[in-house]
Amino acid sequence: MSDVLERVHRFRQTNGWLFGTMIFSACLSLLASFVLSVDAIELARDPSANLACNINQVISCGTVGASWQASLLGFPNAFLGLIAEPVVITIAVASLAGVKFPRGFMLAAQVVYTIGFVFAYWLFFQAMYVIGALCPWCLLVTLSTTLVFVTLTHVNLRDGNLFLPPRAQQAALSALRLGVDAFVVVAWLLGLTVLIISHYGTALLG
Amino acid sequence: MSKKSVSPAKPGNQPQPDSRRQRLREEQQRVQRERRVRTILMSVAGLAVVGTVIWAVFALVGSVPATPSAGSVDESTVVIGKADAKVRVDVFQDFMCPYCGQFERANGADLKSMIDAGTVRLVIHPMSFLDEQSGTARYSTRSANALFAVYKAEPDKALAFNAALYENQPEEGTPGPSDDQLKALATGVGVSQAVADSFTAMANESAVVQATQSAFAAGVNSTPTVKINGEKFAGNPTQAGALKAAVEAAAK
């Protein structure tokens with residue numbers, strides 16, 4: 001049991017796992033962003049959608065599609081995913097192939113992705129408690145953004161790309177050795193699951 | 001060997017095997033300690049995963065709504081107006097749908113006067129596909145269930161209750177009126193307390209599910225969908241007077 005855990009722990013530290021997870025999650029996020037973008041365009045193209053609640057629409061009432069949260073910056077939010085995720089995929093593929101990016105470059109990637117991560121969770125809570133739409137593609141974006149953020153942060157802490165003060169860097173490395181990151185991620189995802197199930201209930205099954 | 005006990009008074013002149021060994025031992029202890037912490041953390045996480053999965057299964061299985069029982073289509077509609085009225089108007093609606101609310105505000109009075117005049121027989125199909133908008137509060141189902149309850153016990157109050165529900169329509173994404181508020185709305189339009197109290201038994205939930213499913217089966221893909229003598233109303237459902245004109249044309 002303990003041996004298995006140790007092997008899992010060592011595997012989690014490999015570049016293959018870290019960048020592999022990053023590539024996989026970023027691809028999922030890109031796919032979801034693409035589907036949501038196409039939906040947003042469809043919704044804009046069909047004016048009659050704005051006079052009714054569509055039964056099969058991702059966002060089922062036109063008022064919701066027109067809500068300010070759905071296009072915070074004046075265009076559909078999903079476009080941001082189309083812009084950002086290919087960059088993540090590029091970084092991950094190059095890193096997997098052995099490219100070592102400059103520290104400043106990785107710090108910039110971390111900063112931008114952190115903003116995206118916060119934005120994704122803001123949208124998630126807006127969708128759940130304000131817009132009220134059950135949107136499987138949005139949930140996929142939330143999940144995959146989390147996984148990309150976690151692996152990117154792991155890599156940047158490990159490689160000392162974040163320009164942390166020495167003591168903070170030591171603490172971060174020691175936390176990574178202890179597997180605190182995995183513990184936090186598991187707890188985080190479980191919390192999300194509980195929130196989603198207790199909010200949507202059986203609507204998830206139908 | 002005497003070198004074994006190097007006195008701290010003479011530092012630096014020899015490699016210090018003791019302190020190196022000690023460092024090695026400390027390193028080993030640290031690795032052991034980290035390994036223990038990892039095992040504990042991962043075990044706790046594993047238990048939490050198992051616990052959450054069990055909780056999720058119970059939460060989802062425990063609240064599956066009743067499946068619709070076989071019954072005639074008439075049981076899943078609310079029919080208001082004279083049987084020999086010239087025009088049959090079907091309205092497919094969901095009490096959570098904001099455009100259904102606009103439809104009601106634009107046409108509610110017209111429909112009532114045409115029903116009273118004996119021109120229109122109104123057939124309401126109360127659907128629940130927007131339940132997710134109110135989360136676990138399932139406002140669409142609860143409000144539609146209440147309308148059925150009023151219709152079955154006191155059919156003459158059904159139209160007024162329908163209008164009252166739209167007047168108090170919640171925003172999308174909110175739980176909507178509570179059960180007690182639904183009862184108060186009903187008694188406010190003259191429904192008896194006994195009927196209002198029966199809402200919480202959810203006796204008409206299967207009728208709501210059936211209304212929703214038969215609407216899907218009939219190809220209804222948005223609400224409000226309005227049909228005049230079976231033909232889909234093509235005009236603007238939220239523009240006052242448009243429906244009335246179409247009904248009058250059909251009555252000729």
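Let me start with the contact between the two chains, where 37 residues of chain A meet 38 residues of chain B, two residues being in contact if their C-beta atoms, placed from the backbone, lie within 7 Å. This is a predicted model, in which local features need pLDDT of at least 70 and side-chain atom pairs count only at pLDDT 80 or more, whereas totals for chains, interfaces and linings use all residues. Residues are numbered from 1 along each chain as its sequence is written, and chains are lettered from A and ligands numbered from 1 in the order in which they are written.

On the side of chain A that touches chain B, at least two residues each come from helix H1 (2-12), strand S1 (53-54), helix H3 (62-65), helix H5 (103-131), helix H7 (166-178) and helix H8 (180-200) of chain A, where helices (H or I, at least four residues) and strands (E, at least two) are DSSP runs, numbered from the N terminus. H8(A) gives the most to that side, namely 11 residues. By residue class, the side of chain A that touches chain B holds 22 nonpolar, 13 polar and 2 charged residues; here Ala, Val, Leu, Ile, Met, Phe, Trp, Tyr, Cys and Pro count as nonpolar, Asp, Glu, Lys and Arg as charged, and the others, Gly among them, as polar.

Now to the chains themselves. Chain A has 8 helices and 1 strand, in the order α-α-β-α-α-α-α-α-α from the N terminus on. Of its 206 residues, 32% count as buried, which requires 20 or more other C-beta atoms within 10 Å of the residue's own, while 12 or fewer make a residue exposed and anything in between makes it partly exposed, with C-beta atoms placed from the backbone. Of the contacts in chain A between residues at least 6 apart in sequence, 72% join residues at least 24 apart.

For chain B the secondary structure comes to 8 helices and 6 strands, running α-β-β-α-β-α-α-α-α-α-β-β-β-α from the N terminus on. Buried residues make up 38% of the 252 residues in chain B, and residues 24 or more positions apart account for 76% of the contacts in this chain with a separation of 6 or more.

Which residues touch the most other members of the largest nonpolar core? In this core of 49 residues they are B:Val89, B:Leu147, B:Phe148, B:Val150 and B:Ala158, a nonpolar core being a set of buried Ala, Val, Leu, Ile, Met, Phe, Trp, Tyr and Cys residues joined through C-beta atoms within 7 Å. Helix H3 (residues 139-153) of chain B supplies the largest share of this core, 8 residues. Another core lies apart from it, with 15 residues, among them A:Leu18, A:Ala26, A:Ala92 and A:Val150. As for B:Leu147, leaving out residues up to four places away in sequence, it touches B:Val78, B:Pro126, B:Ala158, B:Phe161 and B:Asn162.

Next, a helix pair. Helix H2 (residues 98-116) of chain B packs with helix H4 (residues 158-167) of chain B at an angle of about 150°, the axes being 10 Å apart; axes are lines fitted to C-alpha atoms, for helices over the stretch in contact, and angles run from 0 to 180 degrees between N-to-C directions. H2(B) and H4(B) are therefore roughly antiparallel to each other, the term for angles over 145 degrees, with those under 35 counting as roughly parallel, 65 to 115 as roughly perpendicular and the rest as oblique. The contact is made by B:Gly101, B:Glu104, B:Gly108 and B:Lys112 of H2(B) together with B:Leu159, B:Ala163 and B:Tyr166 of H4(B), and these residues divide into 3 nonpolar, 2 polar and 2 charged.

Some backbone details deserve a look. A cis peptide bond, with omega of about -5°, joins B:Thr223 and B:Pro224, and B:Pro224 lies in the loop between strand S4 (222-223) and strand S5 (225-228) of chain B. B:Met202, although not a glycine, has a positive phi of about 50° and lies in the loop between helix H6 (193-197) and helix H7 (205-217) of chain B; B:Met202 counts as partly exposed because it has 18 C-beta neighbours inside 10 Å.

Finally, back to chain A, where A:Ser37 is found in helix H2 (residues 15-45). A:Ser37 and A:Leu82 are 45 residues apart in sequence and 8.5 Å apart in space, C-alpha to C-alpha.
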